[in-house]
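Dear colleague,

I am passing on a structure for you to look through, and below it I have written out what was found. Please keep it open beside this message as you read.

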Amino acid sequence: MITKFLLTIFAITIGFLPFENWKPETSKAKIQFSVKGPFGTVNGNFSGLKATIQFNEKNPAAGSIVASVDVKTISTGIKLRNSDLRNKEIWFNADKYPLINFKSKKIEKTNDGYKAEGDLTLKGVTKPVVIPFTFTKKGDGGVFKGKFKLRRQDFHLGKEGGSVGSDVTIELELPVTK
């Protein structure tokens, strides 16, 4: 009887665990992408991340993630390509669409870590995405890591078909502190 009572109290307590606010160490954040190109895989990255993260490992459903990235920070290591990606309407057109935004709707535990379901807005198009991620806590800090794919045509990036692959792989690594 006492055991059942203690288990009930424990379950109720876990359900009311508040989220923790995490401050992103944006200078150490990695937002990398890769896509098949005409001469092999094109790799690149973004910087300029801004994020608000509320997360508790024991109660992920109480958390939320809101993040944005400055499109003008795109870098592939080739100046002309970077300019085309930033400025041309067929690609990002950073003057018209300066940010890539993500806002979670739901965070839940999975067998491999967690997943954040939410809306990704890129180039004026908002689509639902699922971002599987892990969180490794280290003292008063931690690291979020995630990887997902998006279909570039869903966001009007480039032309259908052609020599650029349809799927873009995004890898995220975000150190945080309390």
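Strands β1 and β10 are paired antiparallel through two bridges, where strands are DSSP runs of E with at least two residues, numbered from the N terminus, and two strands count as paired if DSSP finds at least two bridges between them. In this pairing, Lys23 has Thr177 of β10 as its bridge partner.

This is a predicted model, in which local features need pLDDT of at least 70 and side-chain atom pairs count only at pLDDT 80 or more, while totals for chains, interfaces and linings use all residues. Residues are numbered from 1 along each chain as its sequence is written, and side-chain values use heavy atoms, with hydrogens and water left out.

Strand β1 (residues 20-24) also runs antiparallel to β4 (residues 50-55), to which three bridges join it, and here Asn21 is partnered with Gln54. On β10 (residues 167-177), eleven bridges make an antiparallel pairing with β9, including the one between Arg151 and Asp167. Strand β9 (residues 141-151) is in turn joined by six bridges to the antiparallel β8 (residues 125-138), and these two strands form a hairpin with two residues between them, where Gly139 in the turn has a positive phi of about 65°.

Best wishes

Methods. Helices (H or I, at least four residues) and strands (E, at least two) are DSSP runs, numbered from the N terminus.
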